[in-house]
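This briefing goes through selected local and chain-level features. Please read it alongside the sequence and the coordinates.

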Amino acid sequence: MKQTLRIGAAAFSVVAALAFSGCASGPSSNAGSGSTSLNLLVPTYDDKTKGLWQDVITGFEAKNPTIKVNLEVQSWDAIDGVMKTKIQGNQAPDIFNGGPFASYATDDLIYKAEEIASPGTFADFQESFIKNEQLNGTTYALPLIASARALFVNNTLLKQAGVAAAPKTWDELLDAAKKITSLGNGIKGYGMPLGSEETQGEAAIWLWGGGGTFGNETTLKIDDPSNLVGAEQMKKMIDAGVTEENPGSMNRSTLTDVFIQGKIGMQVLLPPIVGQIKEKNPALDYSIVPIPTKDGAPLTLGVADRLMAFKNKGDKQSAITKFMDYFYQADVYTAWVKAEGFLPTTKSGSVALSSLPELKPFLDVLPSARFYPTTNAKWAAADAAFKSLFGKIQTDPAAQVLTSVQKQAMAG
Amino acid sequence: MNSLPNTSAGVDKRHSRRGSSARSTEAHNRRWADLVAALPWITPALIMIFGVVLFPAGLMFYNSTRVISRSGLDKGTAGFGNFAQIFAFPDFGPIVVRTFVWVILVVVLTVLISLALAQLLYKEFPGRRLVRLAVIVPWAASVVMTTLVVYFGLEPYFGIFNKLFIDLGIIHDPAGFGWTKQPETAFLWAIAVAVFVSLPFTTYTILAGLQTVSVDTLEAAKMDGARPARIYVNITLPQLRGAISIAILINIINVFNSLPILRTMTNSIPGYDADTIMTMIFKYIQVQGRVDYASALSVIAFIIVLIVVALYVRVVKPMKEV
């Protein structure tokens, strides 16, 4: 395993270097004069993905008869391996729907975002998402879809506990959670999942909500006084007994089911949970409100996937731009995003979808979305350190926990 | 394993002693011819032994002295630095102690329960075949699956075991108790599951041993008026010595190297308060991305197992006939 990794990494860098310096001479993929073919590689989000892209391509080819788009669909598990092989074989797709882009950008394999989208298309993206596609101030990819979080509130429990309005600040949240918890019968005010499944998500919401940060692409900043505010508030919630028992080892998916069952008053959740509630417990009376922060300032944790374009031989830039401009038109784009059940990253898309009641609360908080510093080389280690250590905040002093997370992240 | 080289050496001696030196040379040549003829047949096995056993073990030792980056790049020698890091890790001592507690508790409980189970399955009763089959089931089921069933049964709010405990009045919190959310209880439940999945193998080994206990000795004891307990302790148990000592040896190695049960049971717990050496190796690789530390800890684990097994073999002599 280790051996293959190392060989793989070596082979990868050699081939990437070859591809970059243009030594390799692959067969031309252009089919004759005047027509261009674009290779589009996408992962499957669900069973609908392939058909949705097919529709986009059909529409695009009807308007651009000289451009042919070849679609290749791969599973999320396989796509990293496929990309590695393709890049090694000098066959990188022209357009790629992927996760991390920093390594492609530093190897100079992909276009800058402005080079593959017309100014009108580029200006339509939400600024918070464009920032997430930047490395050293340059934008390298176009955000495709987004996910954001909001506070799900059990209206029935709030009413029973005599809480008039959903909380906006931490003080109101603690107060409301106390009242809900005192209903007894195993009901708890606030669901705080800090188990290893997705500790970093809940941590980000609290630490950033208190004015903290995880740093940027160059510096990782977890053991920082600004993060202590949020961490202390988490401890306050736990010590007050208003969270579920053992929050340090409670996983998100488990706790989400408990919320759906109606035994948790409030929890920060994602858009797909709306569908889950519809399916598992349609009788649940709930509403979706912005996440409370220390002073009530808007905040959400955003996650986005992106489209990036590989340079290859550098002769398809205008065709790629035409495709991007076509795809990100409000009607084409929103049809795609809506069918997949995600959030749009464009302003026009947000306007078009704001009529959907289940998406509205998430769309409202999108402009204030903040992201993990995924372009930081240490982020993968930090993510793992959060998962394995941050739950200790249940018992250990907040400062000590932050120090241990930072220490393990830097050692990774 | 031990007896094989001895046997062949014995054959050699017999051959060379018999007859003249010419016949000995002839025999020698024939042996060479035999070896050459056998090579194509044993080569795959040799390749397997080298590729699957020796090479990975060698690589493990090698990696334990290297600095290896998260993406798998070898960044040069670390000397014994990785080992120093592991010994300096404040949780290392508790983890080793916990590993021994884990092995000893699981093996002892498994053997005690298996002795009773084997005795029950040895006795003839209607439906014995079905009961014997039932004992095999945990063996046939995937360990991860068995563990997950227990894990979800112990979940607060909707776990079926928790529900039972609440209905029985053992737990008063209507949300249930977070058995798998705290290191101590999660560890104890992991031991329970480990015993459960170790029972089939151990029971059947002892059952096989019981079949070889000579009926004559039992009848003789009965004739002499010995009570059942006395017969069991003085007649049956000594004859089970071989079966039990082999069962213990294999269980020690298996349980020491067991990862899935503890990993499933204690995975969501933050920190290192429920880890054994094996889960720690896994955390080094999976969580921290430190293949070099993991290799060093693997080497330590390897040496511990080696010492424990050597001591055991020396003291108990499981290969010795009764």
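Val163(A) is buried in this predicted model, with a relative accessible area of 12%; buried means under 20% relative accessible area, exposed over 50% and partly exposed in between, with a 1.4 Å probe and protein chains only. Residues are numbered from 1 along each chain as its sequence is written, while chains are lettered from A and ligands numbered from 1 in the order in which they are written. Local features need pLDDT of at least 70 and side-chain atom pairs count only at pLDDT 80 or more, whereas totals for chains, interfaces and linings use all residues; side-chain values use heavy atoms, with hydrogens and water left out.

**Surroundings of Val163(A)**

- Val163(A) sits in the loop between helix H7 (155-160) and helix H8 (170-181) of chain A; helices (H or I, at least four residues) and strands (E, at least two) are DSSP runs numbered from the N terminus.
- With neighbours within four places in sequence left aside, Val163(A) is in contact with Leu158(A), Ala176(A) and Lys179(A), where contact means heavy atoms within 4.5 Å.
- Leu269(A) is 106 residues from Val163(A) along the chain, and the two C-alpha atoms are separated by 20 Å.

**Salt bridges**

- Side chains of opposite charge can pair when their charged atoms come close.
- The whole structure has 18 salt bridges over all chains, each defined as a side-chain nitrogen of Lys or Arg within 4 Å of a carboxyl oxygen of Asp or Glu.
- One of them joins Lys347(A) to Glu127(A), with the closest N and O atoms 3.2 Å apart. Lys347(A) belongs to helix H15 (residues 347-353) and Glu127(A) to helix H6 (residues 127-132) of chain A, so this pair ties together parts that are 220 residues apart in sequence.
- Lys347(A) is partly exposed at 32% relative accessibility, while Glu127(A) is exposed at 53%.
- Lys188(A) and Glu245(A) form a salt bridge with an N to O distance of 3.6 Å. Lys188(A) is in strand E8 (residues 188-191) of chain A and Glu245(A) in the loop between helix H10 (225-239) and helix H11 (252-260), so the pair links distant parts of the chain, 57 residues apart.
- Within that pair, Lys188(A) is buried at 11% relative accessibility, and Glu245(A) is partly exposed at 44%.
- Glu198(A) and Arg252(A) form a salt bridge whose closest N and O atoms are 2.6 Å apart. Glu198(A) is in the loop between E8 and helix H9 (199-209) of chain A, and Arg252(A) is in helix H11, so parts 54 residues apart in sequence are tied together.
- Both Glu198(A) and Arg252(A) are buried. Salt bridges with shared partners join these two and Arg149(A) into one network.

- Asp108(A), which is not a glycine, has a positive phi near 60 degrees. The residue is in the loop between helix H4 (102-106) and helix H5 (119-123) of chain A, and Asp108(A) is partly exposed at 33% relative accessibility.
- Asn312(A) also has a positive phi, about 45 degrees, without being a glycine. Its position is the loop between strand E12 (303-309) and helix H13 (317-327) of chain A, and Asn312(A) is partly exposed with a relative accessible area of 39%.

**Chain B: domains and annotated spans**

- An automatic or database domain assignment divides chain B into domain 1 (3-63) and domain 2 (90-316). The C-alpha centres of these domains lie 39 Å apart.
- Chain B contains 13 helices and two strands.
- In an unreviewed UniProt entry, the annotation "transmembrane region" covers several spans of chain B, including residues 186-210 and 231-253; positions are in the numbering used here, feature names are shortened, and annotations may be inferred rather than shown by experiment.
- Residues 186-210 of chain B are 100% helix and 0% strand, with end C-alpha atoms 35 Å apart.
- Residues 231-253 of chain B are 100% helix and 0% strand, with end C-alpha atoms 31 Å apart.

**Chain B: overall dimensions and surface**

- The C-alpha trace of chain B spans about 90 × 75 × 35 Å along its principal axes.
- Of the 322 residues in chain B, 39% are buried.
- Contacts between residues at least 24 apart make up 66% of the contacts in chain B between residues at least 6 apart in sequence.
- Chain B exposes about 18,300 Å², with 70% supplied by carbon and sulfur atoms; accessible areas come from the Shrake-Rupley method with a 1.4 Å probe, and for residues only the protein chains shown count as cover.
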